[in-house]
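Hello,

Here is the structure for you to look over. My notes follow below it.

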Amino acid sequence: MKANCMICGKEFDKQGRRSHAITCGPECGKVHTRQYMSQYNRQKYAENPEKERARKREEDPKKRRERVRKWKQKNPEWVKEYRRKLRVANPEKFAIAAREWRKANHDKSLAASRKYQASHREKYMQYLRKYRAANSKRIQQKVREWRRANPEKWKQWSLMYNGNRRAAQRLGIPPIIFAAMKIKDYFSQTSESTSAEDENPGD
Ligand SMILES: [Zn+2]
């Protein structure tokens, strides 16, 4: 007897072991089973949601985690949307989580922000100007603290700064231009030998 597969519609033979078959073969059979089970589970859940929730709670947590993980892997779009909704609903919580992550992944976070700063140069400079204007007192305080904590480095830095200023005056250019030239020079040197930071000049 001939019949049409209820999944793909193809005609197939209902013979022997397959005399009660409703699909053309194992592939369509799998699809049908999945559809059927999904419908069955949904119906069961609708009939008694409290009981089904309790059953899920009692599920082996390890198995449950594994099941959820697999499902999330198959539905990345859903996960993205869900996370976005959560973030919008709990901005405070996410800010804390982001801070914690940055603390735990300092290198990664630094690399990510450097990358962002490099690709959004203008935006970053704007942000920096705003930040400096809004936090000038705090920045000054930090600088004072750093000077107290690193007297040697500070001494070197101020010697260098004053030297730069005098050299710039001699050359007749603004000190900041001279400093920028020196910084450029310094970085072109350190890109070849990275041990320059360990040296201790000026003693
Ligand atoms: Zn089929």
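Two residues count as in contact if their C-beta atoms, placed from the backbone, lie within 7 Å. Of the contacts in the protein chain with a separation of 6 or more, 11% are between residues 24 or more positions apart.

The model is predicted: local features need pLDDT of at least 70, side-chain atom pairs count only at pLDDT 80 or more, and totals for chains, interfaces and linings use all residues. Residues are numbered from 1 along each chain as its sequence is written.

Overall layout. The protein chain has 10 helices and 2 strands (DSSP runs numbered from the N terminus; helices are H or I, at least four residues, and strands are E, at least two). From the N terminus, the order is β-β-α-α-α-α-α-α-α-α-α-α. The radius of gyration is 33 Å, well over the 17 Å that the globule rule gives for 203 residues, so the chain is more spread out than a compact globule. Both use C-alpha atoms or chain length: the radius is taken over C-alpha atoms, and the rule is 2.2 Å times the number of residues to the power 0.38. The C-alpha atoms fill a box of roughly 105 × 40 × 30 Å along the principal axes.

Burial. Buried residues make up 1% of the 203 residues (buried: 20 or more other C-beta atoms within 10 Å of its own; exposed: 12 or fewer; partly exposed in between; C-beta atoms placed from the backbone). I176 sits in helix α10 (residues 175-190). I176 is exposed, with 11 other C-beta atoms within 10 Å.

Best wishes
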